[in-house]
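Biologist: I would like to learn how to read a fold. Can we take it one feature at a time?

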Amino acid sequence: MQQSQGSERFYPALCQLLGQLQHADECVVLLFRPAQPPQLLYQRAPLPGDNFGCYLKSAYVLDPFYRLGLRGNHKGVWRLSDIAPENYTEFEQYYNSYFRHLKIQDEVGFIIPLGLHQGFVHIELAQIAGSELFRLDVIAQWQALFCLV
C-alpha cells in the first residue's frame with residue numbers, strides 16, 4: 001500500500017486493506033473542506049439506489065458524519081448508530097431524502113482531520129441489508145489502526 005501512496009491506486013488499496021478485517025459492501029472516501037461541497041475521492045462500487053449526486057449537492061449537510069467532522073475534535077472511527085441523534089428532525093430529512101434508498105443496515109466512518117480550518121477526510125464503510133453487521137472486534141481493530149490511516 002505504501003507504494004501506491006500519492007497515486008490513484010491509494011484509495012482502492014486502503015479500502016482493500018480495511019476490508020481484510022471484515023468485508024464491506026461499500027467503501028467511499030470523501031474530502032470535506034470548509035464552505036465547499038464535498039469532493040468524492042473514491043467510491044468502490046455504487047450501491048443499488050445510490051444517487052450520490054444528490055448527496056454531493058445537498059444531502060451531505062444533514063449527514064451525521066459530516067456534522068461530527070465539522071466539530072474538528074472528533075477524529076477516529078465511529079459507527080453511524082452511535083452518532084446519529086435519536087430525535088433529530090434533520091436526520092429524518094437526510095434519511096428520507098437520501099439514505100433510505102441505499103438499504104444500508106450498518107455504517108462505520110473514519111473521520112480524519114486535516115488541520116485547523118482545513119477540513120477532514122471521511123472514509124465510509126457500509127453494509128447493505130442482508131449483509132453481516134460490522135463486528136465489534138473489527139471496529140475495535142479499525143480504531144487501533146486509525147493512527148496509521
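Biologist: How many bridges join strand β1 to strand β5?

Modeller: Keep in mind that this is a predicted model. Seven bridges join β1, residues 26–32, to β5, residues 120–128. The two strands run antiparallel. Take two residues of β1 as examples. Cys27 has Leu125 as its bridge partner in β5. Leu31 has Val121 as its partner there.

Biologist: In which order do the strands of the sheet stand?

Modeller: The order is β2-β1-β5-β4-β3. That makes five strands in an open sheet, with antiparallel pairing.

Biologist: Why is one side of β2 and of β3 left without a neighbour in the sheet?

Modeller: β2 (39–43) and β3 (76–79) stand at the edges.

Biologist: Where do side chains point in a strand?

Modeller: In a regular strand they alternate between the two faces of the sheet.

Biologist: Is β5 mostly covered or mostly uncovered?

Modeller: β5 is mostly covered. Eight of its nine residues are buried, with buried meaning under 20% relative accessible area.

Biologist: What do β4 and β5 form together?

Modeller: They form a hairpin, with six residues between the strands. Gly115 sits in the turn and has a positive phi of about 125°. The two strands pair over nine bridges, in the antiparallel sense. In one of these pairings, Asp106 stands opposite Gln127 of β5.

Biologist: Now to empty space. How is it found?

Modeller: Rolling a probe the size of a water molecule over the atoms shows where empty space is left.

Biologist: How much space lies in the largest pocket, and which residues lie nearest its centre?

Modeller: The largest pocket holds about 200 Å³ of space. Its lining has 15 residues. Gly69, Leu70, Gly72, Gly119 and Phe120 lie nearest the centre. The elements that give two or more residues to this lining are α3 (64–70) and β4.

Biologist: How do the lining residues divide by type?

Modeller: Seven are nonpolar, seven are polar and one is charged.

Technical notes: Residues numbered from 1 in each chain as written. Predicted model: local features only at pLDDT ≥ 70, side-chain atom pairs only at ≥ 80, totals over all residues. Heavy atoms only, no water. Pairing = 2+ DSSP bridges. Helix = DSSP H or I, 4+ residues; strand = E, 2+ residues; numbered from the N terminus. Buried < 20%, exposed > 50% of the residue type's maximum accessible area, 1.4 Å probe, protein only. 1 Å grid on protein atoms, 1.4 Å probe; cavity = no way out; pocket = protein on both sides within 12 Å on 5 of 7 lines; lining within 4 Å. Points joined across faces, edges and corners; volume = space filled by probe spheres on them. Nonpolar A, V, L, I, M, F, W, Y, C, P; charged D, E, K, R; others polar.
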